[in-house]
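Trainee: Could you walk me through this structure? I have not looked at it before.

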Amino acid sequence: MELSMSPLQIYVEKTLAIIKPDIVDKEEEIQDIIIRSGFTIVQRRKLQLSPEHCSNFYVEQYGKMFFPNLTAYMSSGPLVAMILARHKAISYWKELLGPSNSLVAKETHPDSLRAIYGTDDLRNALHGSYDFAAAEREIRFMFPEVIVEPIPVGQAAKDYLNLYVIPTLLKGLTELCKQKPADPCIWLADWLLENNPNKPKLCHHPIVEESY
């Protein structure tokens with residue numbers, strides 16, 4: 001008797017993570033925790049936001065009493081923004097972070113990142129997107145050059161292919177003709193993996209800070 005099995009499908013989700021200004025010096029050990037927790041760091045960027053940009057990023061909090069302190073805190077120094085990817089990335093990252101108030105996290109979730117690195121309800125060390133809509137908006141804010149699902153169609157898709165896909169593919173096919181390998185399909189697949197301009201970037205070396 002044969003058992004029919006459906007092909008395994010893994011849905012990869014993205015979320016935005018921010019290492020806030022007061023713990024940027026802990027970036028390396030936090031990245032290590034992130035990777036050991038099954039996430040891929042798709043993009044990483046170190047920058048300093050102006051108070052105006054912080055206000056735009058936290059626009060949903062506008063009008064709340066803590067809003068001025070929040071924008072002052074988030075613009076007080078460089079921060080590290082990362083796009084994290086894995087299955088159910090949003091919920092897993094929120095679970096790893098713990099409660100938003102670090103004082104509560106220390107009591108109820110002592111092993112969470114905010115319990116370990118946070119100070120209080122404002123200086124809670126790290127940010128995570130609340131849901132898919134927030135993740136999409138926040139990734140676009142911090143990484144405006146990144147394409148976030150849904151995948152573009154029509155003219156937008158053609159523009160993306162012409163700008164990012166076709167040039168790389170042409171280079172690979174040209175090199176394939178020069179090399180004439182025994183197995184051209186495997187050779188081209190390996191070449192594209194090695195020369196993919198959009199492969200995940202893990203940055204462990206110092207990066208020049210950006211002002212934003």
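Mentor: Let us begin with a term. Ala, Val, Leu, Ile, Met, Phe, Trp, Tyr, Cys and Pro count as nonpolar, Asp, Glu, Lys and Arg as charged, and the others, Gly among them, as polar. Please also keep in mind that this is a predicted model.

Trainee: How do the residues of the lining of the largest pocket divide by those classes?

Mentor: That lining has 9 nonpolar, 7 polar and 8 charged residues.

Trainee: And which of the lining residues are closest to the centre of the pocket?

Mentor: Of the 24 lining residues, Y58, Q61, S100, R114 and H127 are the closest to the centre of the largest pocket. The space in this pocket is about 670 Å³.

Trainee: Which element gives the largest share of that lining?

Mentor: Helix α7 does, with 3 residues. The elements that give two or more residues to the lining are α4 (89-97), β4 (126-128) and α7.

Trainee: Changing topic: in the largest nonpolar core, which residues touch the most other members?

Mentor: They are I18, M74 and M142, in a core of 21 residues. At least two residues of this core come from each of β1 (13-19), β2 (40-48), α2 (51-57), α3 (67-74), β3 (79-86) and α7 (132-142). Apart from this core lies another one of 19 residues, including I33, I34, I41 and A125.

Trainee: What does M142 touch, leaving out residues up to four places away in sequence?

Mentor: M142 is in contact with L16, I18, R45, L47, L49, F57 and A81.

Trainee: Now the charged pairs. How many salt bridges are there?

Mentor: The count comes to 4. In one of them, R44 pairs with E27, and their closest N and O atoms are 2.8 Å apart. R44 belongs to strand β2 and E27 to helix α1 (residues 27-36), so this pair ties together parts that are 17 residues apart in sequence.

Trainee: Is R44 buried or exposed?

Mentor: R44 is buried, because its relative accessible area is 9% and the cut-off for buried is under 20%. E27 is buried as well, at 10%.

Trainee: And what is the relative accessible area of R36, which pairs with D32?

Mentor: R36 is exposed, with a relative accessible area of 62%, whereas D32 is partly exposed at 39%. Their salt bridge spans 2.9 Å from N to O. Both residues lie in helix α1, 4 residues apart, about one turn of the helix.

Trainee: Which residue does D120 bridge to?

Mentor: D120 forms a salt bridge with R123, with 2.8 Å between the closest N and O atoms. D120 counts as buried at 16% relative accessibility, while R123 is partly exposed at 37%.

Methods:
Residues numbered from 1 in each chain as written. Predicted model: local features only at pLDDT ≥ 70, side-chain atom pairs only at ≥ 80, totals over all residues. Heavy atoms only, no water. Core = buried A, V, L, I, M, F, W, Y, C linked by side-chain atoms within 4.5 Å. Buried < 20%, exposed > 50% of the residue type's maximum accessible area, 1.4 Å probe, protein only. Contact = heavy atoms within 4.5 Å. 1 Å grid on protein atoms, 1.4 Å probe; cavity = no way out; pocket = protein on both sides within 12 Å on 5 of 7 lines; lining within 4 Å. Points joined across faces, edges and corners; volume = space filled by probe spheres on them. Salt bridge = Lys/Arg side-chain N within 4 Å of Asp/Glu carboxyl O.
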